[in-house]
Amino acid sequence: MADSKRIAVIGAGLMGHGIAQVFAIHGHPVSLLDVNADALAKARESIRANLTLMARRGIGDAADIEPAVGRISVTQDLEEAASGAEFAIEAVSEQLELKQGIFQALDAVCRSDTVLATNTSVISITEIAEKARNKERIVGTHFWNPPYLIPLVEVIPGKRSSQQAMDSAFELLKSVGKHPVRVKKDVPGFVGNRLQHALWREAISIVENDIADAATVDEVIKMGFGLRLPFLGPMENADMVGLDLTLQIHDYILRHLERSSKPSPLLQRKVEARELGFKTEVGFQEWSPERIEESREGLLHQLLRSVAHRSEE
Ligand SMILES: NC(=O)c1ccc[n+]([C@@H]2O[C@H](COP(=O)([O-])OP(=O)(O)OC[C@H]3O[C@@H](n4cnc5c(N)ncnc54)[C@H](O)[C@@H]3O)[C@@H](O)[C@H]2O)c1
């Protein structure tokens with residue numbers, strides 16, 4: 001177990017509670033803050049349920065669950081949460097001004113050697129750090145949902161981040177079993193979301209242009225190249241097939257791919273019609289409560305299997 005460090009997690013929603021769980025199960029005392037008392041009450045219950053499910057699948061020890069939950073204290077007071085922290089991570093709603101205010105406040109209450117990190121999905125780290133004085137200690141640490149099952153965390157420097165803050169975040173994440181990677185530049189969407197949304201833009205365009213329906217697009221991925229993706233990323237794949245062939249393919253295909261820099265009109269129409277997906281039981285496809293449950297359970301099962309498999313290796 002790593003040396004214990006005091007961690008503050010700001011925001012106890014979907015991501016914040018899962019991030020708190022990752023640090024607590026690895027022995028770190030965590031102070032979890034939210035403005036919403038219900039979110040705080042729910043967070044500890046969700047963490048207990050997540051750890052119980054994992055232990056049932058052989059990931060971790062059931063005897064560690066209560067001590068981990070006990071290491072998490074909850075508060076609505078930022079100074080109480082963060083003043084003693086050695087590492088603080090923000091996971092509040094994805095709004096620039098809200099995040100800027102949180103970093104200004106964290107910078108004012110935290111010790112000078114505390115590293116401050118944001119879990120933003122796509123917003124520039126430099127912009128988030130703008131109102132803080134000590135910008136060198138602010139970095140991005142982008143976890144993926146659910147943060148206790150997906151190993152990747154992108155570690156991103158803002159324009160003013162110090163190497164020391166980057167290294168310290170990287171080492172801490174590694175010590176709690178995450179798989180941190182270093183992103184070299186602060187660009188919107190970093191690496192993962194740029195790749196993911198390039199694929200989504202093309203997928204939506206294919207449906208919009210009636211080339212295939214939504215279910216077929218997903219089938220092409222799930223039963224086709226998606227099976228290779230956990231073992232073969234696009235860069236290794238290009239080297240495998242040969243860069244000469246890759247060049248020939250790009251020379252022909254790139255001009256036919258979607259290039260719009262705006263959200264698709266189909267997506268906009270669906271949102272206007274309140275066809276929001278699982279939330280309203282209709283989106284690109286129709287979703288009965290049974291199908292929604294099946295989709296969520298199927299994903300959770302696969303992720304648990306992959307974590308259990310990795311922990312056996
Ligand atoms: N949901 C995902 O899949 C995902 C994945 C990676 C990163 N992220 C990023 O993580 C962050 C949080 O996302 P989420 O999905 O957990 O959102 P969420 O809505 O589930 O949780 C956000 C929480 O922030 C709290 N909050 C709002 N204002 C606050 C304030 N001033 N002080 C303290 N708490 C405040 C809310 O009460 C809420 O509990 C966002 O930046 C999001 O882009 C989300």
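Predicted model: local features only at pLDDT ≥ 70, side-chain atom pairs only at ≥ 80, totals over all residues.
The protein chain contains 13 helices and 8 strands. Its radius of gyration is 21 Å, close to the 20 Å that the globule rule gives for 313 residues, so the chain is as compact as a globular protein of that length.

Two packed helices are described by the angle between their axes and the distance between the axes. For helix 1 (residues 14-25) and helix 2 (residues 37-56), the packing angle is about 60 degrees and the axes lie 10 Å apart. Because angles of 65 to 115 degrees count as roughly perpendicular and those under 35 degrees as roughly parallel, this value makes helix 1 oblique to helix 2. The crossing of the two helices is right-handed. Helix 1 contributes H17, A20, Q21 and I25 to the contact, while helix 2 contributes A43, S46, I47, N50 and L51. Classified by residue type, this contact of helix 1 with helix 2 comprises 5 nonpolar and 4 polar residues, with no charged residues.

In total, 23 residues surround the ligand, and the closest are G13, M15, E94, S121 and N145. The shell around the ligand is made up of 12 nonpolar, 9 polar and 2 charged residues.

Definitions and conventions: Residues numbered from 1 in each chain as written. Axes fitted to C-alpha atoms, helices over the stretch in contact; angles between N-to-C directions. Helix = DSSP H or I, 4+ residues; strand = E, 2+ residues; numbered from the N terminus. Parallel < 35°, antiparallel > 145°, perpendicular 65-115°, else oblique. Left-handed = near helix turned anticlockwise from the far one by under 90°. Contact = placed C-beta atoms within 7 Å. Nonpolar A, V, L, I, M, F, W, Y, C, P; charged D, E, K, R; others polar. Near = placed C-beta within 6 Å. Rg over C-alpha atoms; globule rule 2.2 N^0.38 Å.
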